Amino acid sequence: MLEQAGVPRNEAYVTNAVKHFKFRLQDGQRYHRTPTLQDVTACKPWVEAEIAAVQPRAILSLGVTAARALISPGFTMKEGRGHWGAYG
């Protein structure tokens, strides 16, 4: 997707909105759990520090957790999918 957008991979900074992952074990398999609002809130200072350090021209959130961390806790993919906007 970066290539199609004309962004060389070495010019893109990729990070996670939540810096730790929770999982449940079932039949020996690890199943990722969706981060809670508390998880997102706890990690927000790190995300904000990364944004300040990198000073990106644009931010692309991949998934609802990232969008909620960057835009609003009430953000829904149904309403926001495919929309460009200035947030923050």
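A: Happy to. A pocket here is an open set of points on a 1 Å grid where a 1.4 Å probe fits, with protein on both sides within 12 Å along at least five of seven lines, and a lining residue has an atom within 4 Å of one of these points. Please keep in mind that this is a predicted model.

With that in hand, the largest pocket has a volume of about 1900 Å³. Its lining comprises 49 residues, and those nearest the centre are Ala58, Ile59, Leu60, Ser61 and Leu62. The elements that contribute two or more residues to this lining are α1, α2 and α3. Of these, α1 gives the largest share, with six residues. Sorted by class, the lining holds 30 nonpolar, 13 polar and six charged residues.

Now for the surrounding chain. The protein has three helices and two strands, in the order β-β-α-α-α from the N terminus. Its C-alpha atoms fill a box of roughly 45 × 30 × 25 Å along the principal axes. Of its 88 residues, 15% are buried. Among contacts with a separation of 6 or more, 40% link residues 24 or more positions apart.

Strand β1 (residues 23–26) runs antiparallel to strand β2 (residues 29–32), and four bridges join them.

Next comes the largest nonpolar core, made of six residues: Ala17, Val18, Val40, Cys43, Ala66 and Ala69. Both α1 (37–54) and α2 supply at least two residues of this core. Valine 40 shows how the parts meet: beyond its neighbours within four places in sequence, valine 40 contacts Val18, Pro35, Thr65 and Ala69. In soluble globular proteins, nonpolar side chains tend to be buried together.

Finally, have a look at phenylalanine 75, which sits in the loop between α2 (64–70) and α3 (77–80). With a relative accessible area of 13%, phenylalanine 75 counts as buried, because the cut-off for that is under 20%. Residues up to four places away in sequence aside, phenylalanine 75 touches Val64, Ala67, Arg68 and Gly80. As for valine 64, the C-alpha to C-alpha distance from phenylalanine 75 is 7.4 Å, with 11 residues of separation in sequence.

Technical notes:
Residues are numbered from 1 along each chain as its sequence is written. This is a predicted model: local features need pLDDT of at least 70, side-chain atom pairs count only at pLDDT 80 or more; totals for chains, interfaces and linings use all residues. Side-chain values use heavy atoms; hydrogens and water are left out. Buried means under 20% relative accessible area, exposed over 50%, partly exposed in between (1.4 Å probe, protein chains only). Contact means heavy atoms within 4.5 Å. A nonpolar core is a set of buried Ala, Val, Leu, Ile, Met, Phe, Trp, Tyr and Cys residues joined through side-chain atoms within 4.5 Å. Grid points are joined across faces, edges and corners, and a volume is the space filled by probe spheres set on the points. Ala, Val, Leu, Ile, Met, Phe, Trp, Tyr, Cys and Pro count as nonpolar, Asp, Glu, Lys and Arg as charged, and the others, Gly among them, as polar. Two strands pair if DSSP finds at least two bridges between them.
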